[in-house]
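Have the sequence and the model open as you read.

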Amino acid sequence: MQAQTKQGADENTYLQKLISLRDEKLKQEGLGDVNRNQGYKNVLNSGNVNLNTPFTFVAYGESFTIDGNLNL
């Protein structure tokens, strides 16, 4: 079940909008690429908002699998 904000939007919708606004601001100010943000959006789109492992994160053309094993 998705958490609801006070205005009724679910958490995923809120985070998608927040990341998009951040993308726009970074582009406006010429502060670098927004590739990492696309990785965040991909995780949200997967429905794995709890970041249950394993999951894959793609940024800067590279794919990273997060398996939860920290190998400490």
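## Surface, fold and salt bridges

The accessible surface of the chain comes to about 5,600 Å², and 52% of that area belongs to carbon and sulfur atoms. Please keep in mind that this is a predicted model. Of the 72 residues in the chain, 21% count as buried.

As for the fold, the chain has 2 helices and 2 strands, and reading along the sequence gives the pattern α-α-β-β. Among contacts between residues at least 6 apart in sequence, 23% join residues at least 24 apart.

Now to the charges. Side chains of opposite charge can pair when their charged atoms come close. How many salt bridges does a search of the whole structure find? The search finds 2, and here they are:

| Salt bridge | Closest N and O atoms |
|---|---|
| Asp23 with Lys41 | 3.0 Å apart |
| Lys25 with Glu29 | 3.0 Å apart |

Take the pair Asp23 and Lys41, which forms a salt bridge. Asp23 lies in helix 1 (residues 11-29) and Lys41 in helix 2 (residues 35-46), so this pair ties together parts that are 18 residues apart in sequence. Are these two residues buried or exposed? Asp23 counts as buried, at 7% relative accessibility, and Lys41 also counts as buried, at 14%.

The pair Lys25 and Glu29 sits in helix 1, where the two residues are 4 apart and therefore separated by about one helical turn. Lys25 counts as partly exposed, at 44% relative accessibility, and Glu29 is partly exposed too, with a relative accessible area of 44%.

Notes: Residues numbered from 1 in each chain as written. Predicted model: local features only at pLDDT ≥ 70, side-chain atom pairs only at ≥ 80, totals over all residues. Heavy atoms only, no water. Salt bridge = Lys/Arg side-chain N within 4 Å of Asp/Glu carboxyl O. Buried < 20%, exposed > 50% of the residue type's maximum accessible area, 1.4 Å probe, protein only. Contact = heavy atoms within 4.5 Å. Areas by Shrake-Rupley, 256 points an atom, 1.4 Å probe, with all protein chains shown as cover.
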